Amino acid sequence: MRQNNMLAMILAGGRGTRLEALTKKIAKPAVYYGGKYRIIDFPLSNCANSNINVVGVLTQYESVLLNSYAAAGSRWGLDARDSGVYVLPPREKDGAAFDVYRGTADAISQNIDFIDSHSPDYVLILSGDHIYKMDYSKMLSYHRQSDADATIAVLPVPMKEASRFGIMNTDEDGRIVEFEEKPEHPKSNLASMGIYIFDWKQLRKMLVADMDDPESNHDFGKDIIPKMLSEDKRLFAYQFKGYWKDVGTIDSLWEANMDLLSKNNELDLNDSTWKIYTEDVATVPQYIGKDAKVENSYINQGCMVNGNVKNSVLFTSVKVAKDACVEDAVLMPNVVVGEGAVIHRAIVAQGVKIDPGAVVGDPNSEHIELISKRVR
Amino acid sequence: MCNAFGIVNFEGLNVQIKGLTDYRPAGAISFLGRYRLIDFPISNLSNSGVNHIQVHIKNKPRSLIEHLGTGRHYNINSKRGKLHILPARSDVESGFYNHDIACYMYNMHAIEQVNYPYVILVPSHMIYRMDYADLLEKHVESGADITMVYQSVDNAKEAYMDCDVLNLNKQKGVLGIEKNRGNYKSRNISLETYVLAKDLFIDLVCKAANTSSLYWFRDIINDQCSELDIRAVAHRGFFACINDFKSYFEANMSLLDIDKAMDLFDEEWPMYTRTSDSCPTQYYPTSNVKNSFVSNGCTIEGTVENCVIGRGCTVKKGSVLKNCVISPGVTIGEDVSIENVVVDKNARIVRKKELIGEAGNPLYVKRDDRI
């Protein structure tokens, strides 16, 4: 199927330092979420479901796993003849010093040649570490209808939290008149989601100018958007409705997983019209044993549960032995919980063993404990 | 790499699975929630290093073709390997003439073209785990013309009716193949798995076609037992022959014995299937699940005991499922009790509040049925 001449670039170079040991060896977009997914499955599946053909993935921090993961475009159906996922880490170029991506805008600037080779009319800039379902083709229609130079997706947030976000102040037509980064006294509650559609020719010009600007941070939010506003360009806010999460911390990653447990949750991963695709693993179905007790939980294939599991998310092939008790926990793939072990309010990282009888986490703690090493 | 190509054969006339085979060939029948029967022979071949696999289909090919696709999910190399779907002639008047020999003759050009010296024939309605590379090595070393596989069972009076039985001498030479009529407890059930040279295979197929228009491949093998050196190798471990409704139900149930399941499924020997990209399964606060295999994409609010649940099923509040095999996409409504029932794909049991089958004689609910 021929596509809508919009190319997507996913910014996936961030570390996510506050995710502690989870991002020691992998970048944040590769972090596990929701029982079977990695966070980057969301923007990639959204692209595939929105009829976007060509997706560039800009990687930088600990990119080995992420590069090989994202490059297998067939996982998301991005593998037709004129389609593909292109992994773009920083590279050495003729006549320029080899440099890392200095900012979000610089990551795009350094790949102008890649984008040019596909000659798109529009470029969609996405973040690789957000969890949400969104039809970008609707945002593109809005962009075209408003005859905009750039369109920014915004999310209404509670007014009292607005000072934590980049806030867009708009006129009644949705045209952005002012952008304030983390304002002390916000005038609106429309937070930027870091999702932009640009007219490629215009953006290209801006980026070329920005590259050599010594004053610039080479960042979309700090430099490109304010500059476009100062030049009186037509910037529009596209209001998104639905579930959206940027999981920056262990607590918020845990919370986002717990959100899936509530009935009719907003993200609805069971929606057959907007599936989130991910790696296909060959395991048996999950087995719930004779002595098991499973309550209010989200469990993936390959799991073997013989103990008690309550209010928890279990990823692929987790083993919970007899008399073990797992409550309010997120167990990532291949975690083994030994007989009689007790886990409360914790995230257990991939492959970690909790030995029989061990006690992990605290039911009364304010914060979520991250377990990344074997517990004896 | 394995110096043989594989042929996955369709089931013989002795395989009649009430209801389920009305809609699809045996290979396409759902098994243990997430698989279809044909996933097991193809995974065995693929894991054994067999790169070229032919699947012969007799009739009703739609669901099987959809499931097999390009074969990418079976880890078959997209350039050097091939999953070749070969339908039988569609204009055969009677089911009696629609046998494997007719299908091989019809597709002979495709068999002749394959550039491997050996062929491994496997059935689509039997479930077991086996390394065919080992089997081929044994075959070549032994110098036998044909190597077959069997399993010794001691319940042939009640099960495996009309299945092939091997009569063996002390040296495991095959003296003849007969049908199991249920007269003896202990028998060597044929796994309908054959290893032989490709040239001999083609000779035998032609010979069968010339001998009788009703001959299956097993008939010509039986005829040749005194002429050729045919030997048998025993398979040990989990084995299920799905030849009737009862065996289908029991094979699913037997894997709830986790030791048996661990015997069939080995982490180093994955059984592949087509992904449906469904999300994990959601258990609500009212769910109560014991001793069951549950596939992805389900939402469970009721009680489930000793069951196999397919992908994307909905089990509503207050419902009770015991000893059931539920195919993908099924809905069990509120306060519905079912016991000893096989529910076929996408059926909905909502209004009728009770459906209880006998322990040895489960009920069957048709595909897309509304109850």
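Residues are numbered from 1 along each chain as its sequence is written, and chains are lettered from A and ligands numbered from 1 in the order in which they are written. In this predicted model, local features need pLDDT of at least 70, side-chain atom pairs count only at pLDDT 80 or more, and totals for chains, interfaces and linings use all residues, while side-chain values use heavy atoms, with hydrogens and water left out.

In chain B, five strands make up an open sheet with parallel pairing, in the order β15-β18-β21-β24-β27. Strands are DSSP runs (E, at least two residues), as are helices (H or I, at least four residues), numbered from the N terminus; two strands pair if DSSP finds at least two bridges between them. The edges of the sheet are β15 (288-290) and β27 (354-356) of chain B, each of which pairs on one side only. Neighbouring strands are turned by 5 degrees against each other on average, direction ignored, where axes are lines fitted to C-alpha atoms and angles run from 0 to 180 degrees between N-to-C directions. Three bridges link β15(B) in the parallel sense to β18 (residues 303-305) of chain B, and K290(B) has E305(B) of β18(B) as its bridge partner.

In chain A, six of the seven residues of strand β8 (residues 150-156) are buried (under 20% relative accessible area, 1.4 Å probe, protein chains only). Strand β8(A) pairs over six bridges with β11 (residues 190-199) of chain A in the antiparallel sense, and L155(A) stands opposite A191(A) of β11(A). Strand β8(A) is also joined by five bridges to β12 (residues 235-239) of chain A, and these two run parallel. Here V154(A) has Q239(A) of β12(A) as its bridge partner.

At the interface, 35 residues of chain B are in contact with 38 residues of chain A (heavy atoms within 4.5 Å). The two chains bury about 3000 Å² between them, 50% of it on carbon and sulfur atoms; buried area is the accessible area (1.4 Å probe) that two parts lose on being put together, summed over both. On the chain B side, D277(B), P280(B) and Y283(B) lose the most area to chain A, together 20% of what that side buries.

Two salt bridges are counted between chain B and chain A (a side-chain nitrogen of Lys or Arg within 4 Å of a carboxyl oxygen of Asp or Glu). One of them is formed by E301(B) and K263(A), whose closest N and O atoms are 2.8 Å apart. The elements α10 (258-264), β14 (281-283), β15 and β16 (292-294) of chain B each supply at least two residues of the side that touches chain A.

Technical notes:
Buried < 20%, exposed > 50% of the residue type's maximum accessible area, 1.4 Å probe, protein only.
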